[in-house]
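Hi there,

Here is the structure I promised to pass along. Have a look at it first, and my notes follow below.

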Amino acid sequence: MKMMKRQKIILTSVLIAVGINSLYAGPNQDSPHLGHTISPEEIKKWDISVFPDGEGLPDGKGNVVEGEKLYQEKCIACHGENGLGASSDQLAGAQMGLSSEYPEQTIGSYWPYATTIFDVVRRSMPMTAPGSLTNNETYALTAYLLYLNNIISKDDVMNASTLAKVKMPNEDGFINVYEEEKSKK
Amino acid sequence: MSQDRDDDLLLKKNQVAGNGLLDRRLFLKKGLQFSAISTLVSTATLASATAETKKEFDPANPTWMKQPGKAFSPYGLPSEFEDDVLRYPSPNEVVTGNGVSWTPLHKMEGTITPNGLHYERHHNGVPQIDPKQHRLLIHGLVKNDLIFSIDDLLRYPMQSKTCFIECGGNSNAGWNSQPHQAEAGYFNGMVSCCEWTGVPLSVLLNEVGLRKNAKWIIAEGADAFAMQMSIPIEKAMDDAFLALYQNGERIRPENGYPLRLIVPGWEGVLNVKWLRRLKVTNRPVMARNETSKYTELQPSGKSRMFTFPMEAKSLITSPSAHMLLKEKGLYQITGLAWSGRGKISKVDVSADGGKTWAEAELQQPVLDRSLTRFRLPWQWNGKQSVIMSRATDETGYVQPDRNKLIKERGKHGFFHYNAITRWQIDTDGFVSHIYENDETTKNNSDISIDSGWD
């Protein structure tokens with residue numbers, strides 16, 4: 001008796017589910033189309049990706065002096081004095097070239113794009129409080145790291161337009177293996 | 001004496017390559033006496049355990065048949081006697097959520113990695129994500145930006161695929177000038193293989209509607225590193241999928257709960273965990289993990305970038321480093337092979353340092369971009385021997401020797417190390433890691449070696 005009742009309930013809920021499904025089916029019958037629309041303003045809060053040409057860089061600015069102060073406060077513990085490395089990556093001060101016996105891969109010697117510094121520092125650093133830096137602070141830290149690597153001078157200011165124009169020494173040091181393989185096919 | 005004569009006969013009848021490699025069909029024959037291999041630790045425990053319990057314990061009448069067993073358990077755990085089958089964590093000294101943990105391949109059999117033993121690589125810890133609060137946003141060069149809840153995604157038709165995930169930095173101790181002395185899994189175990197189940201990415205990309213100039217997608221995780229990676233749109237539309245399940249249960253937190261992007265055969269870092277955002281673009285973002293790291297510096301000073309598929313590789317997991325062959329006799333050589341470009345077509349094994357080779361038996365079915373188990377019987381004569389395996393995949397690619405790899409790529413590429421691994425068995429049965437043309441560099445376990453993992 002009890003059993004039959006339960007079966008009946010299951011059957012009705014299956015029917016309801018089928019009904020809902022066909023109701024929601026969009027233009028493509030095979031695809032459930034359950035996504036929700038989202039406004040451009042809302043997307044802005046999510047989208048923190050910064051591209052080499054500067055797309056994604058926010059308003060704001062920062063300079064080397066401000067950056068150095070922030071670095072001593074928030075970064076030096078893990079990345080060492082002058083970015084020479086400690087418990088974490090060396091960020092500056094490469095002596096040995098990339099084709100030498102003991103190559104040193106730092107921002108200055110290795111990174112192809114300066115915008116990547118802004119992107120990774122804003123989203124990930126400091127490791128103890130990721131996402132806590134303001135845009136101005138991030139510009140300042142980016143400026144300081146570029147200065148430590150002898151790429152900009154002490155009084156350069158970094159903002160959306162100046163940062164996108166910074167040319168990195170190793171920009172042409174990469175072979176795009178994926179594109180290369182694709183063109184061979 | 002007669003055992004020796006039997007051994008000779010076995011060898012004469014079945015040898016297929018130098019130094020005692022035997023016909024792989026031998027496993028099917030009954031009545032063969034295989035010898036035991038053990039890790040050094042468990043040999044010691046075994047010896048003391050038998051000495052202690054010998055007096056009163058009678059296997060014909062085990063105590064566990066004389067009393068009721070334990071009750072049911074809502075979630076099963078391994079036997080307490082298997083408490084040494086563990087991942088080996090290797091975290092950053094300050095940021096303890098940054099680093100890796102290695103899968104103990106040398107203590108496992110078959111091809112599937114249990115969820116609790118899947119390798120880990122985190123940049124800033126394992127986020128504790130409430131699936132009710134988690135969202136996936138798809139936006140950029142699409143006709144409709146859309147946002148999905150996990151409950152939404154759970155209602156989509158799903159597919160399963162068994163495939164390996166391997167970190168681009170797996171086995172990178174191989175670049176060191178001295179052979180790293182650790183258990184096989186603890187420097188090659190940043191590879192694991194699970195059945196992943198979820199929603200094909202192409203289904204969702206079709207729903208948002210790709211614009212004509214859509215060439216890449218940027219996938220971002222909801223961890224404290226907000227890890228992002230660029231992936232070509234061809235791969236995204238081909239076989240990438242959004243996994244919700246791992247080996248039949250919801251994905252473990254350390255493997256991306258509640259949602260992980262699976263990009264079969266490609267570098268582990270692209271299989272973005274805790275997936276929260278897919279931005280469709282016309283170019284890669286040039287993220288830190290596709291420029292500063294996961295690129296390979298070559299001797300020319302130029303670096304290889306976007307080296308996505310993991311090339312064919314194999315490794316003997318038993319006997320392997322730190323194990324002990326207690327006596328000469330018949331052993332099973334077994335290991336794993338895999339290729340990010342498809343199926344493994346064959347695995348050759350050598351027991352004489354690469355002079356002669358024999359084809360190993362592959363466990364069926366051999367699956368596309370999955371760990372493939374190989375096995376071959378071996379008659380060890382008690383002499384110093386070097387065993388090794390070499391994988392070939394269905395594209396015809398052959399796993400290189402270390403010398404060849406280094407000649408082509410130099411020593412500073414850090415990622416994509418897939419050379420042949422050589423294990424040397426000493427006359428006392430102890431197994432260690434050696435390099436080719438170099439049988440003198442072992443016994444250096446005291447040397448501190450950079451087995452980093454970026």
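B:Tyr294 is buried in this predicted model, with a relative accessible area of 3%, which falls under the 20% cut-off for that label. You will find B:Tyr294 in the loop between β16 and β17 (296-297) of chain B. Its backbone is worth a look too: phi of B:Tyr294 is near 60°, a positive value in a residue other than glycine. Most residues other than glycine have a negative phi.

B:Phe306 can be read alongside it. Phi there is near 55°, again positive in a residue that is not glycine. B:Phe306 sits in the loop between β18 (303-305) and β19 of chain B, and it is buried, at a relative accessible area of 4%.

Strand β18 of chain B also holds B:Arg304. Is B:Arg304 buried or exposed? It is buried, with a relative accessible area of 18%; the cut-off is under 20%, so the value qualifies. As for its surroundings, leaving aside residues up to four places away in sequence, B:Arg304 touches A:Ile175 and A:Val177 from chain A, along with B:Thr295, B:Glu296, B:Gln298 and B:Arg409 from chain B.

Next, the peptide bonds. A cis peptide bond joins A:Met125 and A:Pro126, with omega about -10°; A:Pro126 is in the loop between α6 (115-124) and α7 (135-148) of chain A. In chain B, the bond from B:Ser318 to B:Pro319 is cis, with omega near -5°, and B:Pro319 lies in the loop between β19 (313-318) and β20 (323-325) of that chain.

Finally, a sheet that draws on both chains. An open sheet is formed by 6 strands, in the order β1(A)-β8(B)-β7(B)-β16(B)-β11(B)-β12(B), with mixed pairing. Which strands stand at its edges? They are β1 (36-37) of chain A and β12 (228-232) of chain B; each has a single partner strand, so one side of each is left without a neighbour in the sheet. Strands of a sheet pair through backbone hydrogen bonds, either parallel or antiparallel. Within this sheet, β11 (residues 216-221) and β16 (residues 275-281) of chain B run antiparallel and are joined by 6 bridges. If you want a spot to start from, take B:Ala219, whose bridge partner in β16(B) is B:Leu278.

Happy browsing, and write back with any questions.

Best wishes

Notes: Residues numbered from 1 in each chain as written. Chains lettered and ligands numbered in written order. Predicted model: local features only at pLDDT ≥ 70, side-chain atom pairs only at ≥ 80, totals over all residues. Heavy atoms only, no water. Pairing = 2+ DSSP bridges. Helix = DSSP H or I, 4+ residues; strand = E, 2+ residues; numbered from the N terminus. Buried < 20%, exposed > 50% of the residue type's maximum accessible area, 1.4 Å probe, protein only. Contact = heavy atoms within 4.5 Å.
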